[in-house]
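Hello,

Here is the structure I promised to pass on. Please have it open while you read; my notes follow it.

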Amino acid sequence: MPNAAPQTFQFQAEIKQLLDIVVHSLYTEKEIFVRELVSNASDALEKLRHLRLTEKAVYDDRLDLEINITTDDKAKTFTIQDFGLGMTQAELVENLGTIAHSGSQAFLKALGEGDQKAAGLIGQFGVGFYSAFMVAKTVRVYTHSWRESEQGLLWSSDGTGSFAIEESSGERRGCKVVLDLKDECSEFSQEWRIREVLERYSAFVSFPVNLNGKRINTVQALWLRGKNEIKEEEYDEFYKYQAHDSEKPRMRLHFSADAPISINALVFVPKENTEKMGLARLEPSVALYCRKVMIDARPKDLLPEWLRFLKGVVDSEDLPLNISRETMQDRSLVEKLNRVITKRFLKFLDEEAKNRAEAYAEFYREFGVYLKEGAALDFAHKEQLTKLLRFESSLTDKGKTTSFPDYASRMGPDQKEIYYLVGPNREAIEAGPYLEGFRARNLEVLFCYETVDEYVMNSVREFDGKKITAADHADVKLSEQPRAEGALGEAETKALVGWLKDCLGERVADVKASARLVDSPALALNADKIMSPHMRRLMRAMNKDGAPSPLRVNLEVNPCHAVIKRLSELRSSAPDKAKLVAEQILDNALISAGLLDDASGMVKRLYKILESV
Ligand code: ADP
Ligand code: MG
């Protein structure tokens with residue numbers, strides 16, 4: 001029971017931080033507060049509609065489910081009232097005083113760094129309500145919960161450190177939010193200005209919206225209309241409203257199907273991937289409807305995890321209307337929807353890739369990471385997803401990519417495997433010793449620059465019956481090339497290799513004359529089947545202090561290279577020096593492979609070699 005006198009509460013620290021930024025926000029599109037408050041009102045009505053399915057006693061039960069907005073340009077106020085489920089005192093404290101959302105920290109950070117894009121996305125992070133403080137000096141929330149035993153309350157704050165709650169008599173069910181506008185934001189107390197904002201998206205609100213007593217929307221479900229009747233702008237505005245985004249979508253798929261289940265779906269890919277921007281992991285946000293009535297705004301299993309970047313609406317007549325979000329008992333229906341939408345979306349991407357390669361490439365740069373995740377983890381769709389992956393390769397130009405099907409079509413009759421190399425960028429891979437042997441034999445190698453790529457390649461494992469293999473793996477067998485002129489003879493090479501093995505001892509698993517090398521004297525191959533060089537680098541980066549496991553590599557030397565030929569001579573003429581050179585060659589090969597754990601011994605040795613020059 002609240003006291004009759006106002007009680008003051010401190011905002012949670014994160015909210016204080018958020019408010020501090022929002023209150024002083026220079027964000028230009030301040031009108032998004034309208035969208036956020038309407039969206040909250042609509043959510044509240046939606047929740048009440050669900051409640052009514054099970055609750056008999058609802059306060060003020062005869063009120064219509066509608067949203068009333070009023071402007072007063074004399075008093076400079078903006079008011080929005082809904083007859084939704086309202087809030088109790090505890091709910092006010094919980095919902096309008098703390099952040100429950102796990103991603104808010106990253107969002108705050110982006111906001112604090114002045115990220116304008118982040119400001120427009122405020123509604124995606126469960127803090128849309130606070131956008132009111134971009135335009136208001138004070139915000140008052142009058143409310144009465146749907147529970148009959150509660151009383152009317154007033155929540156108020158000026159957006160500095162605290163808010164107050166007091167009793168307020170005569171409240172209707174739901175919430176009435178009153179904004180006292182800042183002087184520079186008084187435009188939002190003008191009817192024409194609010195009408196302009198509302199006209200753009202209020203048609204997508206599932207409840208009547210009235211402005212100063214006049215109905216301004218006819219409720220219509222865009223996704224149920226024919227594609228040909230819908231204007232581009234309508235699609236864009238629907239997306240912006242539904243996804244809480246201030247930018248247009250990047251891609252859109254609007255389709256319907258009757259079998260195996262009835263579906264009307266309208267889904268969008270946003271312009272930007274907020275996970276990539278460093279913001280929180282996305283949560284499913286394709287809403288589930290049944291005949292225009294929302295069942296769940298964030299259904300968990302409607303789509304596979306890797307499609308969590310999609311926004312939009314799926315409507316199915318086959319769902320039972322009284323299905324509740326908590327007990328979506330009929331899993332098989334949701335699974336069917338999942339299968340149909342995923343299949344359709346994959347087909348859509350495939351067509352985009354074929355017909356609009358540029359746009360697909362841009363999409364891939366932003367969202368490709370989800371396709372990789374799917375290819376690695378979603379067994380049911382692995383094949384289609386693998387086809388959609390793109391990589392640069394030794395045959396593409398810088399910045400251009402190729403696909404597994406294209407790679408396969410270029411494979412010669414003798415090539416059995418698909419090769420790839422992992423490296424930070426094209427230059428690093430091209431400068432390393434691993435590529436030259438493949439180049440010399442006209443074998444294409446895919447270039448992987450992302451941290452996840454190695455994991456993805458290992459999980460995907462094969463394409464079209466062809467094994468996917470790391471080109472720097474010790475097991476890779478390359479065809480014999482004719483011995484180049486001036487190379488060490490066979491016997492000399494054999495002797496040198498035997499000597500190197502003795503000389504390098506524990507540090508090498510094996511030494512061989514190489515078939516892969518053309519321009520480099522030596523290379524180190526990974527003898528460790530479990531941990532690749534790239535993974536080793538990652539492990540070391542993550543665990544800086546941990547002693548790395550002892551490393552043993554396969555060393556391959558190039559019998560055509562001047563350094564190796566010289567070493568072969570040195571072996572008999574100056575054995576001590578030859579030993580130093582051998583160690584140095586191994587260390588250089590480890591550096592190229594990114595595997596040298598500690599360079600201090602190497603530097604000392606190098607000075608010793610230089611002394612004798
Ligand atoms: P979100 O809507 O993403 O949860 P908001 O910051 O917009 O985040 O709102 C925070 C919470 O405040 C909502 O989840 C809801 O519980 C509560 N709330 C906001 N507006 C209303 C309203 N008009 N009626 C009832 N509850 C509301
Ligand atoms: Mg909201």
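In which loop does Asn 442 lie? The answer is the one between helix 13 (436–440) and strand 17 (445–448). Please keep in mind that this is a predicted model.

Backbone points

Asn 442 is worth a look for its backbone angle. Its phi is near 60 degrees, a positive value in a residue other than glycine.

Arg 291 also has a positive phi, of about 45 degrees, and is not a glycine. Look for Arg 291 in the loop that links strand 12 (285–290) to strand 13 (293–296).

Then go to Pro 260. The peptide bond that joins Ala 259 to Pro 260 is cis, with omega about 0 degrees. Pro 260 sits in the loop between strand 10 (251–257) and strand 11 (263–269).

The ligand

Now turn to ligand 1. The residues around ligand 1 are Asn 40, Ala 44, Asp 82, Leu 85, Met 87, Asn 95, Leu 96, Gly 126, Val 127, Gly 128, Phe 129 and Cys 175. By class, this shell has 7 nonpolar, 4 polar and 1 charged residues.

Asp 82 places a polar side-chain atom 2.8 Å from a nitrogen atom of ligand 1. Gly 126 uses its backbone: an N or O atom there lies 3.2 Å from an oxygen atom of ligand 1. Phe 129 likewise has a backbone N or O atom, 3.0 Å from an oxygen atom of ligand 1. On its own, ligand 1 has 530 Å² of accessible area, and the protein covers 80% of that.

A helix pair

Next, find helix 15 (residues 490–504) and helix 17 (residues 562–573). Their axes come within 10 Å and cross at roughly 75 degrees. Helix 15 is therefore roughly perpendicular to helix 17. On the helix 15 side, the contact is made by Ala 495, Leu 496, Trp 499 and Leu 500. Helix 17 brings Ile 564, Leu 567, Ser 568 and Arg 571. Sorted by class, the residues in this contact are 6 nonpolar, 1 polar and 1 charged.

A lysine in a strand

Last, Lys 466. This residue is found in strand 19 (residues 466–470). Which residues does Lys 466 contact, leaving aside its neighbours within four places in sequence? They are Ala 408, Met 411, Lys 416, Ile 418 and Arg 461. Take Ala 408 from that list. Lys 466 and Ala 408 are 58 residues apart along the chain, yet their C-alpha atoms are separated by 8.4 Å.

Best wishes

Terms used. Residues are numbered from 1 along each chain as its sequence is written. Chains are lettered from A and ligands numbered from 1 in the order in which they are written. This is a predicted model: local features need pLDDT of at least 70, side-chain atom pairs count only at pLDDT 80 or more; totals for chains, interfaces and linings use all residues. Side-chain values use heavy atoms; hydrogens and water are left out. Helices (H or I, at least four residues) and strands (E, at least two) are DSSP runs, numbered from the N terminus. Contact means heavy atoms within 4.5 Å. A residue is near a molecule or strand if one of its heavy atoms lies within 4 Å of it. A polar contact is a pair of N or O atoms within 3.5 Å; within protein, one must be able to donate a hydrogen and the other to accept it, and residues adjacent in sequence count only if both atoms are side-chain atoms. Accessible areas come from the Shrake-Rupley method with a 1.4 Å probe; for residues, only the protein chains shown count as cover. Ala, Val, Leu, Ile, Met, Phe, Trp, Tyr, Cys and Pro count as nonpolar, Asp, Glu, Lys and Arg as charged, and the others, Gly among them, as polar. Axes are lines fitted to C-alpha atoms, for helices over the stretch in contact, and angles run from 0 to 180 degrees between N-to-C directions. Angles under 35 degrees count as roughly parallel, over 145 as roughly antiparallel, 65 to 115 as roughly perpendicular and the rest as oblique.
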